[in-house]
Every structure is written in structure tokens, then in C-alpha cells.
Number of protein chains: 2
Amino acid sequence: MKMVTSQIARNINHTNFGQISRSAVYEAKRSLLNWLGVAIGAAYHDSMDKVLNVSRLMESSPQASILGRNEKTDMLFAALLNGMSSHIYDFDDTLLETVLHPSSPVFPAVLAYSQYKKKTGKEVLEAFILGCEVQARLALAVYPSHYWRGWHITGSVGGIGAAAAMSKLLGLDEEKTSFAIGIAATDPTGLREMFGTMTKPYHPGKAAMNGMLAAFIAGEGFTSSKQALEAERGFINVLSEETKMELLTDSWGDKWEIEKNSYKPFASGIVTHPAIDGIIAIQKAHNLKAEEVEEIQVTGHPLVKELTGKTDFKTGLEGKFSVYHCVAAGFLHLKAGVNEFTDDFVNNPKVKALRSKIHLTIDESIKEDQVRLTVKLTDGRELSHYVEHATGSMDLPMTDQQLIEKFKDVTGNIIREEAKELLIDQVYRLEEIEDLEGFFQLCTPVESASRI
Amino acid sequence: MKMVTSQIARNINHTNFGQISRSAVYEAKRSLLNWLGVAIGAAYHDSMDKVLNVSRLMESSPQASILGRNEKTDMLFAALLNGMSSHIYDFDDTLLETVLHPSSPVFPAVLAYSQYKKKTGKEVLEAFILGCEVQARLALAVYPSHYWRGWHITGSVGGIGAAAAMSKLLGLDEEKTSFAIGIAATDPTGLREMFGTMTKPYHPGKAAMNGMLAAFIAGEGFTSSKQALEAERGFINVLSEETKMELLTDSWGDKWEIEKNSYKPFASGIVTHPAIDGIIAIQKAHNLKAEEVEEIQVTGHPLVKELTGKTDFKTGLEGKFSVYHCVAAGFLHLKAGVNEFTDDFVNNPKVKALRSKIHLTIDESIKEDQVRLTVKLTDGRELSHYVEHATGSMDLPMTDQQLIEKFKDVTGNIIREEAKELLIDQVYRLEEIEDLEGFFQLCTPVESASRI
């Protein structure tokens with residue numbers, strides 16, 4: 001049996017920032033900008049306060065920032081909390097091949113430690129990219145059986161990604177790195193049954209916390225298996241049916257999984273994105289009023305109906321699973337961000353009235369990232385638009401400008417406009433930043449933020 | 001589908017100390033005495049210091065005691081550390097049907113919270129018995145496929161036991177209790193690949209920590225699935241092939257799983273116990289010297305050879321997997337406790353010499369808890385002994401006196417003799433103790449203990 005875990009540990013140990021491609025570094029920064037925005041945006045979600053209360057019960061020490069808030073907790077709770085917040089809106093990044101959200105289990109651990117121990121921007125990027133590489137390869141090795149068996153892959157492999165990243169950041173040697181992976185591998189988090197509850201975003205948070213703890217104790221010399229991933233009763237065999245072990249180590253360094261990262265322009269399920277794209281395109285061209293609309297006809301892939309066919313609902317969360325609502329939001333606001341999925345907005349009479357005019361037809365010949373839209377107007381005109389590739393798909397990635405706009409939108413009035421500009425600038429030149437304290441300062445909220 | 005998780009939550013909520021049988025309460029106290037002894041006994045193991053260093057890195061608050069040591073940590077780290085220490089020597093209690101070690105994931109959480117929040121002895125027993133009941137029934141529901149797939153059942157179901165116990169102790173309502181179970185269910189710990197490393201005892205410790213955290217955040221109103229155990233992508237279906245759901249709730253309160261708890265008289269694998277029992281019986285009758293022995297013939301069940309057939313080894317840990325060493329220890333010391341499995345003892349020339357005189361024959365007709373021993377002496381005599389049931393088996397449970405002796409032996413010189421006597425007394429009348437501070441004080445070590 002090939003010693004896969006040891007080889008991964010060796011790869012982490014021997015790979016440094018200079019050996020990582022410039023395109024991987026660039027995509028890691030885009031990942032950070034996207035991740036940071038959605039983390040700050042959800043910082044005041046109800047579930048965050050509940051976990052913060054528990055950190056207070058533990059009398060947790062103020063070591064690292066809860067991004068977007070004034071509170072600090074110890075590094076482990078900061079990893080948990082920032083990991084949670086970044087996944088609360090289901091608006092974080094995705095590696096589309098495995099539906100792994102790569103940033104939310106890794107950045108929280110790396111950033112909490114980097115803040116407390118004054119690591120540099122370059123070290124953050126290096127650790128993040130290596131941790132991502134390990135978890136993304138592991139996800140590929142166990143996908144799809146692992147996911148279909150019921151594991152929320154972002155939580156279950158994410159802890160190993162966090163442990164790998166932390167091992168690099170802590171400067172662990174090969175053996176200790178393999179132990180860190182082992183300790184994280186024995187501690188996976190995330191059943192898909194939890195989708196739709198606060199426990200879903202708990203998964204990447206807990207993965208960040210578990211992986212960080214694993215790396216800390218491995219750093220102290222705590223021992224584990226050196227074959228945690230590949231052994232007969234190791235992670236891969238116990239948690240999946242696949243045994244694509246070679247994917248874990250083959251061609252290491254030739255390409256970087258983070259380069260394939262994708263970002264969601266809209267805060268709803270990915271199958272709704274072509275339709276939102278389409279209606280925004282029509283609106284940008286015609287600037288229609290809702291009253292002018294007789295009917296909107298959406299023709300899409302069968303999954304659009306299966307996953308987002310909700311017509312009768314009362315909450316913003318449910319609105320994410322209604323293509324009718326998504327199209328209405330895109331029509332009215334030219335976007336479908338966090339504010340378009342509040343309870344208030346989905347129950348707004350104007351929004352409900354427009355939703356009732358939207359109809360869905362499925363067409364087996366249309367691909368998942370495509371859609372055909374036709375708007376029939378009261379004056380008899382018909383406006384049609386065909387979306388070939390949705391924004392955020394592999395064929396049409398979000399541009400830097402779109403990511404920046406998303407960041408500004410999703411962080412709302414939690415942080416100041418000037419802080420947003422400075423953060424965007426710092427993220428794009430992160431490898432030059434020696435002292436990250438200013439970066440974390442910029443993530444603290446304006447005075448009124450706690451009332452959002 | 002029957003709402004199993006909700007029913008369990010209701011059962012926990014509606015069952016109080018007065019409804020628990022006296023025999024279950026009695027066995028819970030015996031469980032505590034055994035658990036406390038092995039936890040204190042391993043308090044200075046190398047792995048404990050490594051995790052304590054990490055708690056120091058977190059600047060963890062001194063809320064709860066590390067039993068047998070002077071250090072305190074926050075409740076979560078105390079749960080982790082005391083859960084680890086109690087499993088380090090593989091000397092804790094076992095529910096033989098499922099090889100679940102019921103105390104090590106539950107007591108650490110219950111005691112840490114009870115110390116910090118001044119709960120009573122009765123509340124400790126109530127929470128422990130209910131948590132045990134949930135995890136033991138869950139273990140029965142998923143055994144054996146769960147274990148054979150590669151899950152260390154004590155870690156993987158233990159977190160749910162800890163969450164159930166903590167829910168009772170925290171006084172959570174039914175819904176919050178079901179959420180606590182859900183959050184713990186999504187966070188299982190323990191791959192069997194880790195056996196033989198420090199990560200094995202990490203499993204019950206981490207289970208205690210995960211389950212405690214789950215109950216704390218559920219107590220704040222954090223939501224989870226209400227069908228975490230029985231759902232299609234819930235714990236039981238994802239982590240096992242069995243679906244014996246009825247075992248989780250049938251005849252609740254009629255019998256208590258803790259009544260079947262068993263304790264190990266010797267610090268080695270259970271298949272070696274009949275042979276150790278046998279040699280001690282011969283020695284008690286004849287008081288032989290090693291020099292008088294020509295040969296010792298052990299005739300046992302096939303598993304004795306398969307699991308404990310090691311003849312050539314260098315460490316105390318390996319000695320636990322050598323029936324030859326175990327018999328030599330029993331012959332020389334009339335016991336096989338922690339001190340008989342040190343590196344020094346297994347490498348002692350006198351011990352090695354005796355080991356070389358011991359031979360093993362397997363016999364398919366002999367049961368697992370039986371053995372036949374024959375000692376051939378240099379003067380030509382032959383002394384034989386047949387063990388029908390090993391001490392600690394269901395048919396011959398350890399007596400209170402034997403448990404007390406084990407407690408005194410395993411805690412060594414970490415705590416004072418008078419403290420041992422007082423602790424034994426307090427454990428056996430735990431339900432009368434309103435203020436547990438004295439109990440925790442008695443678990444603090446003598447001054448020299450840190451040098452053990």
C-alpha cells in the first residue's frame with residue numbers, strides 16, 4: 001500500500017510560497033475576498049450569538065477576532081465562529097466538481113492563528129493554498145460516494161484541510177504533519193441531514209476548530225496513525241466507497257485545485273443563477289416596471305424545478321429555493337444578494353405579485369448553467385434572452401469587479417465604505433503585508449452594526 | 001418513520017432520578033469508582049501534558065479540575081483531558097455486547113460542568129445514567145456493522161451520550177435536547193485505525209468535548225435536525241448498516257444498560273484475563289518461585305493467540321498484547337495492573353526469563369472467558385487449574401472489594417491513601433452529597449505526583 005498520508009505530509013512540508021503558481025495565489029486572494037465578505041455579512045446572524053454565548057460561558061480569552069464584530073475569542077472559538085458565519089448564507093466559494101466549499105473550513109483557522117501569532121500575509125496564502133490542495137484532492141478521492149452516503153463534504157474533509165494548513169503555518173515537520181492529518185481524519189463533522197438548520201454552517205466551523213486543535217496537539221508531539229487516510233480502517237475506506245488514492249498525491253505542484261474555485265454571484269441555489277442572470281440582462285437593456293409585465297416565462301434544466309420549484313412559502317430561506325422568487329428579485333433589484341432573501345422581502349406584496357406572473361417550463365435539452373427567458377409585456381411586446389453560461393460557472397467566472405461589488409454589497413453597513421476599499425486593496429496585495437493587525441482592524445464594525 | 005430522536009429527547013426529559021432502579025444507581029457508582037481510578041492513574045501520561053500545553057496556548061480559564069492533577073482548564077478542555085486519561089490504559093469499563101466503554105465519554109462532561117456549576121451528586125448520577133442509556137442503546141442499534149466498518153464506537157456514539165447527559169444536567173427542554181443530540185450526531189469521533197496511538201484515548205475525550213459543546217449551544221437555542229439519528233442521511237444510516245431503530249426507545253425505563261457494565265481486573269486485553277486469573281489462583285494456593293517453574297502451559301480460545309500472541313517486544317504497551325507476559329506478571333505480582341505494563345517491567349530479565357517458559361495451545365472447545373493452565377515444576381510436579389469464568393465477565397463480575405483494590409492500586413502514589421478511602425466512601429454515597437467541591441479536592445495530587 002502506498003503511504004499516501006506520509007507523502008501528503010512530505011508535500012506540505014516541502015512546498016513553499018515560491019513554488020506555488022501565480023495563478024493559484026491570485027485565485028486564493030479572490031477566494032479570501034469572497035470568503036471575508038460573506039463571513040462579515042453574516043456576523044450578526046442569530047446563530048452566531050448563541051455560540052458566542054457559549055464562548056463567554058467558557059470565559060474564552062480574547063485572542064482572535066470574530067470578523068465583522070467587536071468580540072474576540074480564543075483561537076479555537078474564533079475558528080468555529082468565523083467558519084460558521086462564512087457558510088450561513090450559503091454564499092461562499094465552491095469547487096464545482098465535488099461541491100466542496102474550500103475556504104470556510106480553512107481560512108478561519110489560518111486567520112485566527114495568524115492574528116494571534118502575527119504571521120504574514122504570505123504565510124496566510126501559503127498555508128491556505130496547501131490546506132485547500134489537500135482537502136480538494138481528498139474530496140475528489142471520495143466523491144461522489146462519500147457525499148451520497150450522507151456526508152457534508154465541506155465539514156467532513158474540511159477538518160483535514162484545516163489541519164494541513166495549520167501544520168504548514170505552525171512549521172510542523174513531516175511526521176507531525178502526518179499526525180495532524182491523522183487526528184483531524186478521526187474527527188470528521190457533517191451529516192447532510194442537518195441541511196436547513198443552523199447545524200449546516202456549524203460543519204465548516206467545527207471542521208476549522210477540529211483541524212486547528214489537531215494541528216496544535218500534533219505540534220506538541222501527540223501521536224496518531226501515519227496512514228490515517230489510506231489504511232483499511234482509515235478515513236477513505238470508512239467514509240466512502242471510492243479508493244482513488246492516487247488523486248491525493250499525483251502531479252503534486254503541477255496544478256492547484258484552488259485555480260478552479262468558483263464564486264456565487266447570487267445568494268441562492270446555483271441552479272437559479274442562469275435565470276437571475278437572464279432577467280438582469282433584460283432589465284439592464286429595458287429597465288421595465290413590474291406593472292408592465294404580463295408574464296415571465298423561464299425555460300430551464302429539469303433540476304431547476306426539482307430543487308427550486310417552491311411557489312408557496314413565508315421565509316427568506318425558503319425563497320432561495322424558489323426560482324420564481326429569484327427571478328422576481330433580479331427583476332426588481334438587479335441582484336439577488338442577502339437583502340433579497342430576507343423574510344420581509346419575500347413577503348413584500350409587490351414581490352409576491354410579480355412572483356405570481358412567473359412561470360417555469362423544463363426542457364431536457366437545456367444545460368444546468370443555461371436558461372431561456374421570455375418577458376411578455378402588457379403592451380403585447382415579447383423580450384427574450386438566452387443565457388449560454390451563468391455568471392460564476394467555470395465558463396464565465398465572476399470578474400474581479402463583480403467580486404468587489406459582491407463584497408461591498410454583502411458586508412452591507414456592518415463595516416464602513418472606506419474600510420471596504422482598504423480591505424479590498426489589502427486582499428489583492430496580501431503577500432506584501434507583513435503585519436496583519438491593520439487588516440483585522442478594518443474588519444471591526446461600525447458602532448451601529450450590532451443592531452443589524 | 002418513527003420519530004426516534006424526539007422520543008429519546010422526551011424520555012430524557014421525563015425521566016428523573018427517582019424513576020431509575022436502585023441497581024442502576026448502584027452500578028453507576030461502581031462505574032464512577034472504576035472510571036475515577038483509571039482517570040487519576042493516567043493523569044501524568046505524556047499525552048496529557050501535550051494537550052494541556054494546548055489548553056495553555058488557548059489561555060483556557062481554570063473552571064474544572066484535571067483529575068489527579070493540580071491544573072484546571074475550561075470545561076471543554078477538562079472534558080477532553082479527563083476523557084482521554086480514563087481511556088489511556090484501556091482499563092476503563094465495558095459494555096461487553098458492543099465493546100462500548102460507557103463512562104469515558106460521559107463522566108468527564110458531567111463532572112466538569114457539575115464542578116463549575118455546583119451540581120449535586122444526585123444530579124451527576126441521573127445525568128450519567130441517562131446519557132449512558134442513550135449511547136448504549138444507540139451502540140446496540142448500530143453494532144456490529146458500525147464497529148466493523150471501522151468506527152471506534154466509544155468515540156463515535158459517545159458524543160451523543162455526552163450530549164444526552166449534558167442536556168439533562170442543563171435542564172434542557174425536549175426540543176433543545178433533540179437539537180443537542182443532533183449537533184453531537186453530526187460530529188462523531190473515532191476511526192479504529194488510530195488504535196495503538198495516543199489518538200485512541202483522544203476519541204472518548206473528544207466525544208465528551210463535542211457532546212458538551214453540542215448541549216451548550218443547543219441550550220442557547222441553536223437548531224439542528226429533530227431526526228438526527230433515524231433520518232435517511234442521519235447518524236444510523238450514514239454510519240452503519242443496521243437499522244435496529246426500535247432498540248433506541250423500546251421498554252425505556254424497564255431496564256438500564258448500565259446494569260450490565262463490566263470492569264477489567266487487569267490492564268490488558270480481555271482475552272488474556274482467564275489466564276491471568278488462573279495463574280493467580282495457582283500462585284495463591286502454592287506460592288511458587290519462578291526458579292521452580294519448568295514450563296507453564298496455557299490452553300485457551302483461538303482469539304488468545306490471534307489477539308495476544310506477541311512473543312518478541314520491547315514496550316509495556318506491546319506487553320498488553322502478549323498472553324505470555326500477562327501470565328508472567330500474574331505469577332510474579334499476583335496482579336496485572338498499570339505497573340506490570342511499564343517498559344521497565346516487560347524488559348526485566350527475570351520477567352523475560354519466566355515468559356520464555358510459557359507456552360500456548362489453542363483449543364476450539366474452550367470459550368473466550370475460560371482457560372486451562374498447567375504449571376510443570378522442576379521437581380516433576382504438575383499443578384493444573386481450570387477457569388470456568390474470568391473475573392470481570394458477566395458471569396463473575398468484579399466485587400466491590402476487588403473494585404476498591406483496583407482503585408487503590410491504579411491511583412498509585414498520585415493521591416494520598418486517606419484521600420483514596422474518602423473518595424471510595426463518597427462515591428458509594430454520591431446521591432447524598434450536595435456539595436461536590438470536597439470530592440474534587442480529594443482528587444488533587446500529593447506534592448510529588450507530577451514527577452511520577
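Entry 1. I looked up where α2(B) touches α4(B), and found Trp35(B), Val38(B) and Ala39(B) on the α2(B) side meeting Asn82(B), Ser85(B) and Ser86(B) on the α4(B) side, where contact means heavy atoms within 4.5 Å. By class, the residues of this contact are 3 nonpolar, 3 polar and no charged; Ala, Val, Leu, Ile, Met, Phe, Trp, Tyr, Cys and Pro count as nonpolar, Asp, Glu, Lys and Arg as charged, and the others, Gly among them, as polar. Helices here are DSSP runs (H or I, at least four residues), numbered from the N terminus.

I then took the geometry: α2 of chain B, residues 22-41, packs on α4(B) at an angle of about 95°, with the axes 7 Å apart. That angle makes α2(B) roughly perpendicular to α4(B), because 65 to 115 degrees counts as roughly perpendicular, under 35 as roughly parallel, over 145 as roughly antiparallel and the rest as oblique. The axes are lines fitted to C-alpha atoms, for helices over the stretch in contact, and angles run from 0 to 180 degrees between N-to-C directions.

Entry 2. I note for the record that this is a predicted model, in which local features need pLDDT of at least 70 and side-chain atom pairs count only at pLDDT 80 or more, while totals for chains, interfaces and linings use all residues. Residues are numbered from 1 along each chain as its sequence is written, chains are lettered from A and ligands numbered from 1 in the order in which they are written, and side-chain values use heavy atoms, with hydrogens and water left out.

Entry 3. Leu213(A), Phe216(A) and Ile217(A) of α11(A) make the contact with Val51(B), Val54(B) and Leu57(B) of α3(B), and its residues are 6 nonpolar, no polar and no charged.

I next checked α3(A), residues 46-57, against α11(B): their axes come within 8 Å and cross at roughly 120°. Here Val51(A), Val54(A) and Leu57(A) meet Leu213(B), Phe216(B) and Ile217(B).

Entry 4. My search of the whole structure for cavities (sets of points on a 1 Å grid over the protein atoms alone where a 1.4 Å probe fits but cannot get out; lining residues have an atom within 4 Å of a point) gave 3 of 30 Å³ or more. Of the 14 residues lining the largest cavity, the closest to its centre are Leu76(A), Met209(A), Leu76(B), Met209(B) and Leu213(B).

Terms used:
On a 1 Å grid over the protein atoms alone, a cavity is a set of points where a 1.4 Å probe fits but cannot get out, and a pocket is an open set with protein on both sides within 12 Å along at least five of seven lines; lining residues have an atom within 4 Å of a point. Grid points are joined across faces, edges and corners, and a volume is the space filled by probe spheres set on the points. Helices (H or I, at least four residues) and strands (E, at least two) are DSSP runs, numbered from the N terminus.
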